[in-house]
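Biologist: I would like to learn how to read a model like this one, feature by feature. Could you walk me through it?

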Protein chains: 2
Amino acid sequence: MAKTKIIPVIMSGGAGTRLWPASRKAAPKQLLPLVSTQTMIQETAQRLGGEWDSFKFGRPVIVCNTMHTDSISEQLNGLGIKIGTIITEPVPRNTAPCAAIAALAVQAEDPNALMLLAPADHHISDKAAFSRVVANGLPAAVNGYLVTFGITAEAPETGYGYIQKGGNLDDHAFKVVGFKEKPSKETAENYIASGQYFWNAGIFMCKPSTLLAEMKKHCPEILAACEAAYHASTLQDGLLALDEKTFAACPADSIDYAVMERTDKTAVVEANMGWSDIGSWSALWQLAKGEDGNALSGDVHVIDTKNSLVHTDGPFVATIGVENIAVITHKGTVLVAHMDNVQDVKKVVEMLKTRGDADKL
Amino acid sequence: MAKTKIIPVIMSGGAGTRLWPASRKAAPKQLLPLVSTQTMIQETAQRLGGEWDSFKFGRPVIVCNTMHTDSISEQLNGLGIKIGTIITEPVPRNTAPCAAIAALAVQAEDPNALMLLAPADHHISDKAAFSRVVANGLPAAVNGYLVTFGITAEAPETGYGYIQKGGNLDDHAFKVVGFKEKPSKETAENYIASGQYFWNAGIFMCKPSTLLAEMKKHCPEILAACEAAYHASTLQDGLLALDEKTFAACPADSIDYAVMERTDKTAVVEANMGWSDIGSWSALWQLAKGEDGNALSGDVHVIDTKNSLVHTDGPFVATIGVENIAVITHKGTVLVAHMDNVQDVKKVVEMLKTRGDADKL
């Protein structure tokens, strides 16, 4: 049996403001080495390369902000990863237009290939499990489903969307009954107890033709705008710089709202693979903590310090007698936050925007 | 009645390591603007200038480390304060030799003047009270006593030495029964309850001849070494650079151990004047705290932060959800300490010494 070709589409449009002050406009979360010595997009691109029994990955399509093109090229070339196409978005329009443009590009390159859309800034610790999950999703994707990878829900998290599974489609894939918004604590607990819900990681796989057909049904105005932008743009030396005027005219929406929640063509395969979206400093701390529950990086000296994340990009940092604290120094800024309050970095970012302090954003 | 002339002797030999990372070898605590926009030595020199009903201050004698001469001259000249003599110590020898050398210098300048020794790095908020206290001590000093200023003890502090008062010498001065080392909590509580104890701030006033006579009795080897060093040194343009070889041969000891605890010529006047030695970041926080119990200086933004000290010399610092924390950034280093553990900065300083990290000390 011939191996199915999967062209990865790495979505690098996120701002990662929840990881301020390390994540900045010029070098957001996905361009930073947060979990390992590799950046998040380097980890993602490596995960989405190589071949297995039933499939092989093609060269990745990268969708990113124009200003990050050079950094991403350098980071991936530095690992010897050959990029298929870099698609640059002159303005952010959320994930639905990103997916549509990518589907057009993948279809143009190889109409028989599947596409696998994945955010550039997620961490997956079990790479073998990831490959198995991809293989598990192949039949449903080939059979015309939009296959989502449903993360095994380990706790009643209120910060994620959930996917409810229905009946079996094949050995591994289930029909999707519905997508659920970020739930209340009580609702999340009921989800977990039922055993029918996965976390929605925003990773999915399909034939480009399936996605384009479903978009034509459920969000034709987005598809039309993307087709116009795609055709108004020129692919040169592997770079597709989207035409600003036509792309800016496209409505912004997420792929979940615009397509996944409306179509009956969604399937889900369970993905138990050590996934984390590293959605906060506390999530990074959970991944990285070691002795005394501390996660330390850079020139750090801790005394009587427990369950804390201390990260410095240069300045010497000493901590004494603190617990459950995140201390981050980055490019001349310092964040000190209780681990339970790290989500409020967004308030700091808002304040800096208000005072026009662009060099700290 | 002629006004008594008092020549202030400002002792600037302290390292101030308890205020690391702001206090460094090149610019220790006394050279920093910690409580106000003025540095501690600027505040001290201003407090020790001017004239009142019964006394007037002469030009101050400064005793300091050789490497701080230029900074101190600039800081005091910048306020229009004329320095009498700067005495530089090529090596530190604690306060007894410092006092002996100063006594010799004051006696040479004006044998009829009193001398008032004070550390350069203490804060006194009630300047009018300070002047009254000085006036209260004049009669005993003129009558041949070593007059200490006993700080009204506000709490059973275990970090200070105590002075026990005896019978009255005059309207304001008491004989000293004894000096007590840093006590246990229980002992300190008994001291407070008795009403007979003051905190020892290391500030005192006397005739230089009194001090020299008592040193001859109680620590003749220190006095002899200091006389040798004094006479081996040359006063030029207001600068007395102590001869290194002879001064280094002097035993190191504190004025308290070498003289005050041995002589029966000590008197104490009560000093209720808003004194603080700013002996830790928590002491500075106590002085400076305002809204929500926070003391903030520099480019700082706090969210859900209480009872904390946040001080930055440049980098933007944001704190979220923390309480009872000191955050200090200074010259490319960051300290984050629980307010109850700030004394342990000395452990960080020791670690930096051990690793030979001179640029952070």
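Biologist: How many bridges join strand S1 of chain A to S5(A), and do they run parallel or antiparallel?

Modeller: Before the count, please keep in mind that this is a predicted model. Strand S1 (residues 4-12) of chain A and S5(A) run parallel and are joined by six bridges.

Biologist: Which strand does S5(A) meet in the antiparallel sense?

Modeller: That is strand S10 (residues 197-206) of chain A, joined to S5(A) by three bridges. Here you can look at A:Met115, which has A:Cys206 as its bridge partner in S10(A).

Biologist: How many residues of S5 in chain A are buried?

Modeller: Burial is read by counting neighbours: a residue is buried if 20 or more other C-beta atoms lie within 10 Å of its own. In strand S5 (residues 114-119) of chain A, six of six residues are buried. Both faces are covered, with A:Leu114, A:Leu116 and A:Ala118 on one side and A:Met115, A:Leu117 and A:Pro119 on the other.

Biologist: Let me try chain B. Which residues of S4(B) point one way, and which the other way?

Modeller: B:Thr85, B:Ile87 and B:Glu89 point one way, while B:Ile86 and B:Thr88 point the other way. Strand S4 (residues 85-89) of chain B is mostly covered, with five of its five residues buried. Its parallel partner is strand S3 (residues 61-65) of chain B, joined to S4(B) by five bridges. One pair to look for is B:Asn65 with B:Glu89 in S4(B).

Biologist: Which residues have the most contacts inside the largest nonpolar core?

Modeller: They are A:Ile101, A:Ala102, B:Ile101 and B:Ala102, in a core of 242 residues. Take B:Ala102 as a case: leaving aside residues up to four places away in sequence, B:Ala102 touches B:Val9, B:Val61, B:Val63, B:Ile87, B:Met115 and B:Leu117.

Biologist: Now the whole chain. What is the radius of gyration of chain A, and what does the globule rule give?

Modeller: First, the secondary structure of chain A comes to 11 helices and 20 strands. The radius of gyration of chain A is 21 Å, close to the 21 Å that the globule rule gives for 361 residues, so chain A is as compact as a globular protein of that length. The C-alpha trace of chain A spans about 60 × 50 × 40 Å along its principal axes, and 50% of the 361 residues of chain A count as buried.

Biologist: What rotation superposes chain B on chain A?

Modeller: A rotation of 180° does it, with 0.0 Å of shift along its axis and an RMSD of 0.0 Å. That is the relation of a two-fold axis. The same surface serves both copies, as 100% of the contact residues of chain B recur in chain A.

Biologist: How many residues does each chain bring to the contact?

Modeller: Chain A brings 29 residues and chain B brings 29 residues. On the side of chain B that touches chain A, S20(B) gives the largest share, six residues. By class, that side of chain B has 16 nonpolar, eight polar and five charged residues. Strands pair across the contact too: strand S20 (residues 333-338) of chain A and S18(B) are parallel over five bridges. There, A:Val334 stands opposite B:Val317 in S18(B).

Biologist: Which backbone features deserve a look?

Modeller: Most residues other than glycine have a negative phi, and most peptide bonds are trans. The peptide bond between A:Trp20 and A:Pro21 is cis, with omega about 10°, and A:Pro21 sits in the loop between S1 and helix H1 (40-47) of chain A. In chain B, the bond from B:Trp20 to B:Pro21 is cis, with omega near 10°.

Biologist: Where does B:Asp237 lie?

Modeller: B:Asp237 is in the loop between strand S11 (235-236) and strand S12 (239-241) of chain B. Its phi is near 50°, a positive value in a residue other than glycine. B:Asp237 counts as exposed, with 6 C-beta neighbours inside 10 Å.

Notes
Residues are numbered from 1 along each chain as its sequence is written. Chains are lettered from A and ligands numbered from 1 in the order in which they are written. This is a predicted model: local features need pLDDT of at least 70, side-chain atom pairs count only at pLDDT 80 or more; totals for chains, interfaces and linings use all residues. Two residues are in contact if their C-beta atoms, placed from the backbone, lie within 7 Å. Helices (H or I, at least four residues) and strands (E, at least two) are DSSP runs, numbered from the N terminus. Ala, Val, Leu, Ile, Met, Phe, Trp, Tyr, Cys and Pro count as nonpolar, Asp, Glu, Lys and Arg as charged, and the others, Gly among them, as polar. Two strands pair if DSSP finds at least two bridges between them. A nonpolar core is a set of buried Ala, Val, Leu, Ile, Met, Phe, Trp, Tyr and Cys residues joined through C-beta atoms within 7 Å. A residue is buried if 20 or more other C-beta atoms lie within 10 Å of its own, exposed if 12 or fewer, and partly exposed in between; C-beta atoms are placed from the backbone. Copies are superposed by least squares on the C-alpha atoms of residues with pLDDT of at least 70 in both. The radius of gyration is taken over C-alpha atoms; the globule rule is 2.2 Å times the number of residues to the power 0.38.
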